[in-house]
Amino acid sequence: GAISDNPELDWGHTPVDAGNASVDDISGGADAEPTARVPVFEMRPSNTSRNTALWRQAFAALIANPVADTDAGLFSTKPAWFLNQDDANIARYAEVVPAIEVLSKEIAAVVAHHIARAMGIDNGAEGLMSLPALHGEFANMVGLGFTAKELEDLRDLANPMLLPGKSNTLRMKPFQMNPAQPSIITALGGKVNQEYSFYPTGGRPDRRPEDMAYEVYYNSTAPLGVTWPNNAADGLMRASPPTTYNGFWYTDAVFFLVVATDTVDGNYTSWTHRMNVLIDIAPLSGAEAANALQINRVVVEGPAR
């Protein structure tokens with residue numbers, strides 16, 4: 001946001017723009033640009049030493065590749081879209097949704113702060129009544145909220161009034177939980193501690209990693225050196241497959257199903273993956289590399305157990 005001449009609102013506040021002279025016209029008028037957007041928040045904090053790590057991490061992908069009309073399906077409320085998506089959409093979903101969640105938290109915190117200020121609550125040293133210097137500091141706070149004393153004062157200052165008509169409970173519908181890994185996962189023989197996170201994108205925005213539980217189902221045994229993320233708090237599958245087994249290069253292909261459950265609200269989602277364990281070509285050369293490449297091709301194109 002632009003710098004305000006109001007000393008109480010010197011961050012995240014844009015002055016009144018009389019006649020819409022400073023902001024792009026997105027009203028659809030004759031002179032409006034087809035791709036015009038209103039700048040709401042600056043996505044590039046100028047001082048990376050401040051506590052904005054979550055903000056910078058969430059927006060890194062969108063700064064490099066901004067949201068476009070081709071991303072419209074990511075906001076679909078139709079389950080069919082999520083069932084028929086490909087790996088490219090899964091990866092893009094994992095870029096867009098965390099940024100929106102972080103931005104929503106930041107906007108909600110700014111609104112809550114100024115409503116409380118308007119009700120007479122003083123600025124504070126922590127939480128929602130603190131005065132961040134940069135966009136993203138609110139979003140980076142853990143346990144963001146009012147203190148017990150601030151909540152008590154807000155209740156005392158509130159003036160309950162009946163609104164005309166009827167009202168329903170305002171309900172929030174979070175983004176659908178989506179896989180964090182593509183449908184095909186590759187592990188290379190001889191490489192130690194290859195990690196694959198199954199912590200889902202979307203779902204309850206205040207969900208914590210420790211709220212998730214994971215179960216894995218498969219028809220046969222796990223590939224050698226692979227540890228499934230069964231009930232692992234971090235949702236990580238770890239793979240350290242051997243280079244050879246019984247004197248031969250080791251390869252494998254297996255299908256498995258991951259079920260991720262939010263233990264707080266009971267929502268769960270499941271995804272089927274195929275894991276290909278392949279020969280690491282990088283250290284090989286000549287005929288040996290060509291032979292290994294052919295073996296890998298057979299594994300990738302062949303059936304999985």
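1. A crossing of two helices is left-handed if the near helix is turned anticlockwise from the far one by less than a right angle. In this predicted model, the crossing of helix 1 and helix 3 is left-handed. Helix 1 covers residues 53-64 and helix 3 covers residues 87-119; the two pack with their axes 8 Å apart, at an angle of about 135°. Helix 1 and helix 3 are therefore oblique to each other, because an angle over 145 degrees would be needed to count as roughly antiparallel.

2. Gly120 belongs to the loop that runs between helix 3 and helix 4 (137-140). With a relative accessibility of 47%, Gly120 counts as partly exposed. Gly120 and Leu154 are separated by 34 residues in sequence, while their C-alpha atoms are 8.4 Å apart in space.

3. An open sheet is formed by 3 strands in the order 2-5-4, with antiparallel pairing. Strand 2 (194-197) and strand 4 stand at its edges with a single partner strand each, so one side of each has no neighbour in the sheet. Between strand 4 and strand 5 the antiparallel pairing extends over 2 bridges. Val226 has Ala239, in strand 5, as its bridge partner.

4. The bridge partner of Leu257 is Thr272, in strand 9. The hairpin of strand 8 and strand 9 has 5 residues between the strands, and Gly266 takes a positive phi near 80° there.

5. The aromatic residues form the next topic. The model contains 6 aromatic pairs. In one of them, the ring centres of Tyr218 and Trp228 are 5.0 Å apart and the planes are at 40°, so the pair is tilted. This pair links distant parts of the chain, 10 residues apart: Tyr218 lies in strand 3 (residues 212-218), and Trp228 lies in the loop between strand 4 (226-227) and strand 5 (236-239). Tyr218 is partly exposed, at a relative accessible area of 34%, whereas Trp228 is buried, at 10%, because a residue counts as buried under 20%.

6. A further pair is that of Tyr245 and Tyr250, whose ring centres lie 6.3 Å apart with the planes at 70°, so this pair is edge-to-face. The relative accessible area of Tyr245 is 45%, and this residue is partly exposed. Tyr250 counts as buried, with a relative accessibility of 9%.

7. Ring pairs also link Phe198, Tyr218, Trp228 and Phe256 into a cluster. A contact of another kind involves Arg274: its charged end sits over the ring of Phe255, 5.9 Å from the ring centre.

Notes. Residues numbered from 1 in each chain as written. Predicted model: local features only at pLDDT ≥ 70, side-chain atom pairs only at ≥ 80, totals over all residues. Heavy atoms only, no water. Phe/Tyr/Trp six-rings, centres within 6.5 Å; stacked < 30°, edge-to-face > 60°. Helix = DSSP H or I, 4+ residues; strand = E, 2+ residues; numbered from the N terminus. Buried < 20%, exposed > 50% of the residue type's maximum accessible area, 1.4 Å probe, protein only. Lys NZ or Arg CZ within 6 Å of the ring centre and 35° of its normal. Pairing = 2+ DSSP bridges. Axes fitted to C-alpha atoms, helices over the stretch in contact; angles between N-to-C directions. Parallel < 35°, antiparallel > 145°, perpendicular 65-115°, else oblique.
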